[in-house]
Amino acid sequence: MAFELPQLGYAYDALEPHIDARTMEIHYSKHHQGYTNNLNNAIAGTDLEGKSINDILTELDMNNGAVRNNGGGFYNHSLFWSVMNPEDKGYLTGELRDAIEAAYGSVDAFKDAFAKAAATRFGSGWAWLCVHPGGKVEVCSTPNQDNPLMPDGCGGTPILGLDVWEHAYYLNYQNRRPDYIQAFFNVINWNEVERRYAAGK
Ligand code: MN
């Protein structure tokens, strides 16, 4: 069974002014669709066909460029859309807030660490907040479409991710990646991040 582009769950313009509708439309309907199609083509007829995307990434041969790039791209964007939503974003509370404060001292210090990881990722890649078994959280980043779950990934299960490829922000922010990173904090769906934390700890 082939992978399918997941539902976005909100309108292209729902995240404005933080993320503009044109960027969302191209990013979702062109880029993410492309990763999805290319992943399906890469696994067709191989022993990866029928496996879950988590298993494909966890067991990945890092030398398999087509599956590495497109499997990562499929997973990363699916997570990215789900952790944003302006209408039901909730608040950072409970066990996840406790874990963030335990790791970083405060929510603001966590945001600084996450923003730094996103800003200093040279070229294309992602910033992540991951949970480790037992509940410890950690910020990290990966290049290109790599993912923390991969054998050479930065470790843990990702629960929040930010795409810092230029295609994610250049139409609206041009070279101002730091402004895009700060805008992202306004549209985080903390309810979904908390759900992923509870499932992954
Ligand atoms: Mn992207």
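**Exercise 1. Work out how strand β1 is paired.**

Solution. Start with β3. β1 (residues 125-131) and β3 pair in the antiparallel sense over six bridges. Two strands count as paired if DSSP finds at least two bridges between them. Strands are DSSP runs of E with at least two residues, helices are runs of H or I with at least four, and both are numbered from the N terminus. This is a predicted model: local features need pLDDT of at least 70, side-chain atom pairs count only at pLDDT 80 or more, and totals for chains, interfaces and linings use all residues. Residues are numbered from 1 along each chain as its sequence is written, and side-chain values use heavy atoms, with hydrogens and water left out.

Next, take β2 (residues 137-143). Seven bridges join β2 to β1, and the two run antiparallel. Now follow W126. W126 stands opposite D163 in β3. In β2, its bridge partner is T142.

Finish with the turn. β1 and β2 form a hairpin with five residues between them. G134 in this turn has a positive phi of about 100 degrees.

**Exercise 2. Decide how far strand β3 is enclosed.**

Solution. Buried means under 20% relative accessible area, exposed over 50%, partly exposed in between (1.4 Å probe, protein chains only). In β3 (residues 157-163), six of the seven residues are buried, so the strand is largely enclosed by the rest of the structure.

**Exercise 3. Find the two sides of helix α4.**

Solution. List the buried residues of α4 (residues 94-104): L96, A99 and I100. Seen down the helix axis, the buried residues fall within an arc of 100 degrees (taken from the directions from the axis to the C-beta atoms), so they line one face of α4. The face turned away carries the exposed D98 and A102.
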